[in-house]
Amino acid sequence: MSDKLTAKDFASSQEVRWCPGCGDYAILKSVTKALAEVGAKPESTVFVSGIGCAARFPYYINSYGFHTIHGRAPAVATGLKLANPELDVWVVTGDGDGLSIGGNHLLHTLRRNVGMKILLFNNEIYGLTKGQYSPTSRIGTTSPSSPSGSVDTPVSPGQFALGAGARFFARAIDTDKAGLGEVLQQAHAFGGASFTEIFQNCIVYNEDVFAPFTERKNAAQTQLHLRHGEPMLFGTNKDHGIRFNSDSYTLEVIDAAASPDDVLVHDEGNAVLARLLIDMHMPVALGVIYKQPAQSFEDAFYAHHPTRMQRTKSVADFIKGPSSWVVD
Amino acid sequence: MRFAGDSGDGIQLLGSQFAVSTALAGRDFATFPDYPAEIRAPTGTTFGVSAYQINLGGDPITTAGDAPDVLVAFNPAALKVSLPMLKPGSLILVNNDSFTERNLTKAGYAEDPRVSNALDDFQLVAADIGHLNLEAIKAFGLSKSEGGRCKNFWALGLLLWMFDRELAPIEAWITRRMAGQPTMRDANVTALRAGHAFGETAELAASLPQLSVEKADMTSGEYRSITGAEALALGIAAAGELADRSVMFCSYPITPSSPLLHRLTRLQELGVGTYQAEDEIAAICAAIGASYGGMIGVTSSSGPGIALKTEAMGLAVIAELPLVIVNWQRGGPSTGLPTKTEQSDLYQAVYGRNGDTPIPVLAAASSEDCFVMAIEAVRIALRHMTPVILLADGYLSNAAEPWKIPDIDSIPTIDSHAVPEEAGDVTPQRLAFQREAESLGRPWIAPGMPDLVHRTGGLEKDLDSGHISYDPDNHQRMTDLRQAKVDAVADFIPEQVIEHGDASGDLVVVGWGSTYGPIYQAARMTGTSFVHLRHINPLPRNLAELLGRFDKILVPEMNNGQLTTLLRDRLGVSPIAFNKVAGQPFQIAELVARIEIESGGKTP
């Protein structure tokens with residue numbers, strides 16, 4: 001028997017109970033594969049989740065798993081990471097769980113740079129509660145709670161993350177094995193809080209909401225796969241490129257052959273560029289959009305703790321306080 | 001004695017240092033800091049008055065006293081607010097310099113009370129404290145406002161003379177505390193000595209009585225002064241030591257809970273970590289995460305913050321994780337009276353969650369009891385693998401009292417259920433939820449342990465396999481199990497004792513929490529039997545039998561009758577409720593009066 005674990009070793013014995021055809025199945029497959037590829041160990045890997053369809057994830061992975069309460073997974077995972085910084089902690093959340101009820105925890109986890117891998121399955125809808133519009137639903141989304149169309153402006157997960165001070169933001173499509181696999185490996189290798197938005201297709205309540213850019217037949221024209229240090233090219237023959245328009249401060253599509261020198265080269269450490277890429281509608285930017293490593297919260301916490309959480313004295317050394325007296 | 005002045009006058013510092021000197025002189029004492037919710041309320045106003053009350057004496061002291069015998073008022077507003085509390089004949093020391101027309105108007109005095117007949121029933125000593133202080137420290141070249149800040153030490157010097165106390169310990173404290181500011185340090189020491197010298201030599205001396213208080217009859221041993229927040233912090237750290245686990249304390253700032261966070265940040269060498277979370281919910285969730293990771297997770301808050309934590313408490317219950325939740329109760333509802341004390345979160349603690357979600361509830365009786373009960377809370381949490389709520393309150397957080405320093409080695413260690421070394425044929429999922437028969441506690445398995453990989457969470461689990469289960473009969477069994485686990489706590493805790501008085505009779509007074517002090521005194525003065533509860537849920541197993549020996553049960557509480565309801569619910573008894581919801585502790589006199597009414601007017 002080989003020591004090297006395979007994707008199968010990370011599948012739990014539990015029967016998977018998502019709707020047939022749900023994008024979560026593809027994500028689960030990519031995650032178990034990525035775990036095997038990065039050499040993860042079940043006993044030191046923990047999946048923490050909140051509430052929602054995505055939150056069932058921990059039951060289906062052969063690792064430690066904690067299915068907590070709605071929106072709070074990053075908070076629980078922070079406490080866990082402080083108690084044992086050696087653990088490989090993943091948080092699985094959704095657009096409602098992570099950006100609505102749990103938005104505050106996500107914000108603070110990102111700014112603190114707590115060492116966990118946050119996977120946000122964005123399907124722009126509340127699935128488990130049967131189809132209400134979510135904080136990422138576009139204006140005009142009709143749903144049981146918005147029969148004449150929603151009126152609220154959606155939140156952009158990427159802009160939210162960068163505004164919160166996130167140091168790793170990536171995007172992938174549920175069924176894009178190569179793209180998602182690559183992003184998961186990079187998210188895992190990042191020391192602090194890595195935040196990955198996965199476009200997930202809810203076939204029951206919001207089918208094909210991402211189809212304009214996820215459909216394979218158009219993928220070459222609609223997807224820009226970013227790689228650090230490489231030019232931003234797309235199209236069937238990589239004949240289109242992305243240029244910065246300094247008059248409008250926006251990104252625009254150009255003919256790459258006509259003006260090759262104008263094509264931008266991806267710099268994942270550039271936060272301004274990251275913001276422009278997040279907002280670009282067509283093509284849609286995928287891959288690691290922003291990465292700027294820094295000391296993780298748990299490392300800073302232990303570095304500041306004089307005994308690194310070890311007990312070096314007894315209560316008896318402290319119990320007398322600043323002054324005491326003896327009664328005979 | 002009561003010290004009162006503007007929030008910026010350094011009253012709390014003056015009071016706490018007087019408490020230290022009282023302790024060092026071997027007298028028993030109890031204190032009651034009483035300060036406004038505003039950080040710096042407008043100066044000179046009655047609502048901006050900050051006060052510190054201390055009761056000292058030879059008899060055992062358990063409260064900060066009903067009516068002060070000595071008042072030190074730094075301005076007219078402080079006098080105005082405190083005057084109704086005083087007994088006739090009390091001594092009042094006022095700072096002349098603050099009795100300006102403007103300050104008198106702000107305090108609502110049409111006439112200067114020093115010259116009107118308003119103070120005829122009292123002994124008034126009016127000293128130019130502000131002026132004399134500035135004169136004494138002139139040599140240091142301080143600005144008027146810097147110099148003015150020394151006047152509380154001038155006043156303390158005078159009080160130390162009045163009570164025949166040593167200056168040295170206070171001087172040592174100033175020297176230590178202000179080591180980094182030599183000029184202020186020397187000015188404060190000078191002001192202290194000047195106040196003391198003033199008492200000794202000034203012309204006023206004839207009217208200033210030198211008061212001596214007998215030494216308290218305390219059992220022999222080493223003592224210190226301690227507040228509830230200090231005691232609870234030490235108790236949590238001690239529990240970590242007794243359980244041989246690190247402690248992760250996660251909380252969010254809220255009055256009056258924050259002193260515990262501040263205290264614990266100073267105990268890092270005891271394996272204690274503190275984490276200030278983004279909100280109350282994150283604080284308890286992080287504590288749960290830490291417990292899941294194998295450390296003792298503790299969170300603390302006050303009523304409104306506890307309300308926010310309730311959903312997460314349910315998670316800790318269903319996931320069978322140890323956790324301690326401290327509630328420093330304050331006046332409610334909503335924001336209510338943040339700096340005032342109340343006992344109105346008992347329903348919340350015992351009944352206040354969605355689902356059938358029983359949690360053990362404890363209550364600390366005094367500042368020093370916070371130490372004992374913190375250890376007890378961790379002990380129960382680890383033994384039964386359950387969250388535990390520890391109720392304290394705003395009064396205990398700040399109130400100081402002498403504490404006979406315990407020997408940590410004499411306290412039994414805290415055990416948790418051993419993690420099985422060999423899983424054998426049992427799946428790790430099943431093993432994680434195999435419960436010990438007596439306590440129903442499960443092994444504390446944390447991520448990182450090999451061969452024990454399992455899943456847990458907020459969904460109902462199968463009683464045997466530990467997997468998710470929607471089976472109706474299983475949910476009934478699990479609901480029964482969670483209740484049985486909390487009921488089982490009663491098999492491990494001590495039987496209820498009678499705190500004072502006969503073991504049977506006409507009337508028993510039953511208290512819980514910080515009302516211990518005044519009820520104890522009232523029971524002593526009236527010769528009434530007194531039972532004080534530290535375990536609220538479950539109640540001690542002999543309580544029904546014990547209370548059954550009395551004809552009447554009187555329950556004084558700083559709420560609208562919550563323990564009364566609980567006793568009726570759990571024991572089927574019909575107590576008489578005596579409720580006070582005024583943001584202030586009970587006065588002994590009002591308890592005595594009520595006890596006399598209930599005992600038919602006769603004081604045994």
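**B:Met385 sits in the loop between α14 (369-384) and β13 (387-393) of chain B.** Helices (DSSP runs of H or I, at least four residues) and strands (DSSP runs of E, at least two) are numbered from the N terminus. This is a predicted model, in which local features need pLDDT of at least 70 and side-chain atom pairs count only at pLDDT 80 or more, while totals for chains, interfaces and linings use all residues. To find your way around, note that residues are numbered from 1 along each chain as its sequence is written, with chains lettered from A and ligands numbered from 1 in the order in which they are written. The phi of B:Met385 is positive, about 50°, although this residue is not a glycine. Is B:Met385 buried or exposed? B:Met385 is buried because 27 C-beta neighbours lie inside 10 Å; the term asks for 20 or more other C-beta atoms within 10 Å, whereas exposed means 12 or fewer and partly exposed is in between, with C-beta atoms placed from the backbone.

**B:Leu440 also carries a positive phi.** Its value is near 60°, in a residue other than glycine. For background, most residues other than glycine have a negative phi, and most peptide bonds are trans. Look for B:Leu440 in the loop between α16 (428-432) and β15 of chain B. B:Leu440 counts as buried because it has 20 C-beta neighbours inside 10 Å.

**A cis peptide bond joins A:Met282 to A:Pro283.** Omega is about 0° here. A:Pro283 belongs to the loop between α9 (271-279) and β13 (284-291) of chain A.

**A cis peptide bond also links B:Asn537 with B:Pro538.** For this bond omega is about -5°. The proline, B:Pro538, is part of the loop between β18 (535-537) and α19 (543-547) of chain B.

**Chains A and B meet through 50 residues of chain A and 58 residues of chain B.** Residues are in contact when their C-beta atoms, placed from the backbone, lie within 7 Å. Which elements of chain B supply at least two residues each to the side that touches chain A? They are α1 (11-24), β7 (221-227), α9 (228-243), β8 (247-251), β9 (272-276), α11 (280-292), α12 (303-318) and β15 (455-457). α11(B) gives the largest share of that side, nine residues. By class, the side of chain B that touches chain A holds 35 nonpolar, 15 polar and eight charged residues. Here Ala, Val, Leu, Ile, Met, Phe, Trp, Tyr, Cys and Pro are nonpolar, Asp, Glu, Lys and Arg are charged, and the others, Gly among them, are polar.

**Strand β14 (residues 324-327) of chain A runs antiparallel to β7(B).** Four bridges join these two strands; strands pair if DSSP finds at least two bridges between them. To pick out one position, look for A:Trp325, which stands opposite B:Tyr223 in β7(B).

**Helices α1(B) and α7(B) (residues 168-177) pack at an angle of about 135°.** Their axes are 9 Å apart. Axes are lines fitted to C-alpha atoms, for helices over the stretch in contact, and angles run from 0 to 180 degrees between N-to-C directions. This angle makes α1(B) oblique to α7(B), the term for angles that are not under 35 degrees (roughly parallel), over 145 (roughly antiparallel) or 65 to 115 (roughly perpendicular). The crossing of α1(B) and α7(B) is right-handed, that is, the near helix is turned clockwise from the far one by less than a right angle. On α1(B), B:Gln17, B:Val20, B:Ser21 and B:Leu24 meet B:Pro169, B:Ile170 and B:Trp173 of α7(B). This contact has five nonpolar, two polar and no charged residues.

**Six strands of chain B form an open sheet with mixed pairing.** The strand order is β2-β3-β1-β4-β5-β6. β2 (28-34) and β6 (123-127) stand at the edges, each with a single partner strand, so one side of each has no neighbour in the sheet. From one strand to the next, the twist averages 15°. Within chain B, β4 (residues 70-73) and β5 (residues 91-95) pair in the parallel sense over four bridges, and B:Ala73 stands opposite B:Val94 in β5(B).

**B:Glu111 lies in the loop between α3 (101-107) and β6 of chain B.** B:Glu111 is exposed, with 10 other C-beta atoms within 10 Å.

Methods: Two residues are in contact if their C-beta atoms, placed from the backbone, lie within 7 Å.
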